[in-house]
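Here's a quick briefing on a protein chain and a few of its charged side-chain pairs. Take a look at the model first, then read on.

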Amino acid sequence: MQIVIAPDKERDRIVAKLEKLLAKVDQAQARLEKIPGILKQFRMAVLAAACSGGLTREWRLKKHNQDRDGSPDAPVDWEEHKIKDLSHYVTSGSRGWAKYYSDKGPYFIRAQDIKADSLNLENAAHVELPEHIEGKRTKVQKGDILVTITGANVTKTALVDSDIGEAYVNQHVALIRPKDTGLSEYLYLWIVSPKHGRQKLLKDAYGAGKPGLNLDNIRTISVNIPPAEERELITERTRQLFQIADQLDHRYQKAKTHIDHLTQSILAKAFRGELVPQDPNDEPASELLKRIKAGKARQEAESKPNRKPKAKKGRASKKAAV
């Protein structure tokens, strides 16, 4: 391996500069590591405020000429309903469809497609179904809400907010079909809110020591429904705040990628001789190499054992014996 050796003094300057720069890199990484947690807390706070009336408190006070002592947690004109009363049905996918897996055809939505409370079909499975097969009631349509009911992603939820084509859910995913798709986005926010729907679902899933949900756990979720005007304002403001969080997350990912590569970039610059200025008065590295070689030669010489020559056994010995 060929190694380029810098003069002693320049090498000292390089090491000092590296220690200073790499310490700053470590500080930047430590700060960046806090950002995902901050963004998560921000999103949770937005959801809690959305579903408690906090996002529209000022709007409500102005509209109803209330004083500022009114409680944002229990707006008087919100109505409580169960998911089952707001839905055509809550069901789950059919079993035994694994034999219909295919490289093409309708999407077959599984729990792993709903990991981050959104629907990601990038790695979704496909199925080729026979003409007449039981379970086509689980065909997904725009406005449906999908909830993971078993496995590691239990309670994770997705809103089908666009037309994704023909798609079905498997037995590990529940499908909620609201009677009014105008409610879909608000119901989704309520279900994923950590202080509302998700709190109930997590308690149901793990309270009895079972990592799963049954459909009644979902049907019995209580939802406080605001009037249409306020509900639309809540969903709009939530979207705006989540867009800000997404933009910050995107900037964080770019910064993290840059920081992750920065250490190697600094080291490469150091070993190209570009990190610190060179000084023509520095002792050449060749002198250092001479001292290293001389020291190595001395060390080898000192490490050789002193061996005394052994007496030769020959004729002289024999004569002496005689």
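Let's start with a pair: Glu-236 and Arg-239 form a salt bridge, with the closest N and O atoms 2.5 Å apart. (A salt bridge here is a side-chain nitrogen of Lys or Arg within 4 Å of a carboxyl oxygen of Asp or Glu.) Bear in mind that this is a predicted model, where local features need pLDDT of at least 70, side-chain atom pairs count only at pLDDT 80 or more, and totals for chains, interfaces and linings use all residues. Residues are numbered from 1 along each chain as its sequence is written, and side-chain values use heavy atoms, with hydrogens and water left out.

**Around Arg-239**

- Glu-236 and Arg-239 sit three residues apart in helix H8, so about one helical turn separates them. (Helices, H or I with at least four residues, and strands, E with at least two, are DSSP runs numbered from the N terminus.)
- Glu-236 is partly exposed, at 32% relative accessible area, and Arg-239 is partly exposed too, at 34%. (Buried means under 20% relative accessible area, exposed over 50%, and partly exposed in between, using a 1.4 Å probe and protein chains only.)
- Arg-239 also meets the side chain of Glu-185 in a salt bridge, at 2.6 Å from N to O.
- That pair ties together distant parts of the chain: Glu-185 is in helix H5 (residues 184–192) and Arg-239 in helix H8 (residues 228–271), 54 residues apart.
- Glu-185 comes out as partly exposed, with 23% relative accessibility.

**Further along helix H8**

- Asp-260 and Lys-256 pair up through their side chains in another salt bridge, at 3.1 Å from N to O.
- Both residues belong to helix H8, where Asp-260 and Lys-256 are four residues apart, about one turn of the helix.
- Asp-260 has 41% relative accessibility and counts as partly exposed; Lys-256, at 33%, is partly exposed as well.
- Back at Arg-239, shared partners join Glu-185, Glu-236 and Arg-239 into one salt-bridge network.

**The whole chain**

- The structure has twelve salt bridges.
- Ten helices and nine strands make up the secondary structure count for the chain.
- Of the 322 residues in the chain, 35% are buried.
- Looking at contacts (heavy atoms within 4.5 Å) between residues at least 6 apart in sequence, 74% join residues at least 24 apart.
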